[in-house]
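Subject: Structure for your files

Hello,

Here is the structure we spoke about, followed by notes on what was found in it. Please read the notes with the model open.

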Amino acid sequence: MTTTAPDPHAEALRFLSAADSRLAELIQSVGPCRLGAAAQNSGPFHTPGFFEAIVESIVSQQLSVKAADTIFGRVLALGGGKLLPPAELLRIEEQALRSCGLSGSKVKFIRDLCEKLLDGTVVLDELPALDDEAVIERLRRVKGIGRWTAEMFLIFRLGRPDVLPVADLGIQKGMKKLHGLRKDPTPERMVKLARPWRPYRSIACWYLWRLHETKK
């Protein structure tokens with residue numbers, strides 16, 4: 001007999017549905033939350049996927065998903081289909097990285113990340129033990145990583161449940177739709193509107209992204 005694994009977000013969905021009737025309707029319409037996380041320690045530099053996730057986020061800045069996937073695929077190809085570790089990636093000539101489709105600034109950002117991992121300025125294995133703001137502070141030591149990128153790392157790689165990325169366009173548009181607002185909400189108003197969702201704002205944001213994706 002097969003058993004169904006318990007929904008890891010069940011408690012959050014019950015809480016959010018009770019806290020906000022509009023969000024309750026959205027949850028009912030969309031269905032179960034499929035937000036996941038990866039967190040297992042391994043290797044000298046990073047939990048599996050952490051280094052790759054940050055490099056991919058740098059590659060993806062200001063690009064469509066399709067273009068970012070193509071360029072990141074070329075970067076992976078430099079290592080035979082796997083991302084080279086920091087020391088080896090640093091030894092790749094700049095022109096070889098540029099030929100993947102990376103801009104000069106993104107090459108500098110990736111190199112800066114590798115250097116900071118190698119000299120210990122940023123230790124990715126330490127991140128799971130830090131609170132959200134400390135994680136953001138550590139990641140922002142790397143050139144090219146701002147608060148939004150760090151918040152995406154918190155949500156999708158560390159599985160932090162209470163992150164509200166107010167600079168995210170999808171969250172802004174989703175919140176506008178959810179509340180029937182005439183204009184995109186300001187960051188201050190977003191924080192106020194999301195207050196009832198604490199401590200599960202990340203899960204609420206997943207549903208706002210789904211709402212933003214709908215055509216209506």
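Contact here means heavy atoms within 4.5 Å. This is a predicted model, in which local features need pLDDT of at least 70 and side-chain atom pairs count only at pLDDT 80 or more, while totals for chains, interfaces and linings use all residues. Residues are numbered from 1 along each chain as its sequence is written, and side-chain values use heavy atoms, with hydrogens and water left out.

Met175 and its surroundings

Met175 sits in helix H10; helices (H or I, at least four residues) are DSSP runs, numbered from the N terminus. Not counting residues up to four places away in sequence, Met175 touches Leu164, Leu181, Pro185, Met190, Leu193, Ala194, Trp197 and Leu208. With a relative accessibility of 0%, Met175 counts as buried. The classes used are buried for under 20% relative accessible area, exposed for over 50%, and partly exposed in between (1.4 Å probe, protein chains only). Gln95 is 80 residues from Met175 along the chain, and their C-alpha atoms are 42 Å apart.

The nonpolar core

A nonpolar core is a set of buried Ala, Val, Leu, Ile, Met, Phe, Trp, Tyr and Cys residues joined through side-chain atoms within 4.5 Å. The largest one has 63 residues, and those touching the most other members are Leu23, Phe51, Leu89, Leu124, Leu139, Trp197 and Tyr207. H12 gives the most to this core, with eight residues. In soluble globular proteins, nonpolar side chains tend to be buried together. Leaving aside neighbours within four places in sequence, Leu23 is in contact with Leu16, Leu178, Trp197, Ala204 and Tyr207.

H1 against H12

The axes of helix H1 (residues 10-19) and H12 cross at roughly 75° and come within 10 Å. Axes are lines fitted to C-alpha atoms, for helices over the stretch in contact, and angles run from 0 to 180 degrees between N-to-C directions. H1 and H12 are therefore roughly perpendicular to each other, a label for angles of 65 to 115 degrees. On the H1 side the contact is made by Ala12, Leu13 and Leu16, and on the H12 side by Ile203, Ala204 and Tyr207. By class, this contact of H1 with H12 has six nonpolar, no polar and no charged residues. Ala, Val, Leu, Ile, Met, Phe, Trp, Tyr, Cys and Pro count as nonpolar, Asp, Glu, Lys and Arg as charged, and the others, Gly among them, as polar.

Salt bridges

The structure holds 12 salt bridges, each being a side-chain nitrogen of Lys or Arg within 4 Å of a carboxyl oxygen of Asp or Glu. One of them joins Arg147 and Glu151 (3.0 Å, N to O). These two are four residues apart in helix H9 (residues 147-156), so about one helical turn separates them. Arg147 is partly exposed at 34% relative accessibility, and Glu151 is buried at 5%.

Asp184 forms a salt bridge with Lys173, with the closest N and O atoms 3.0 Å apart. Asp184 lies in the loop between helix H10 (169-179) and helix H11 (187-193) and Lys173 in helix H10, so the pair ties together parts that are 11 residues apart in sequence. Asp184 is partly exposed at 31%, and Lys173 is partly exposed at 27%.

In another pair, the closest N and O atoms of Glu213 and Arg210 are 2.8 Å apart. Both are in helix H12 (residues 201-213), three residues apart. Glu213 is exposed, at 53% relative accessibility. Finally, Glu126, Glu137, Arg138 and Arg141 are linked in a network of salt bridges.

Regards

Technical notes: Angles under 35 degrees count as roughly parallel, over 145 as roughly antiparallel, 65 to 115 as roughly perpendicular and the rest as oblique.
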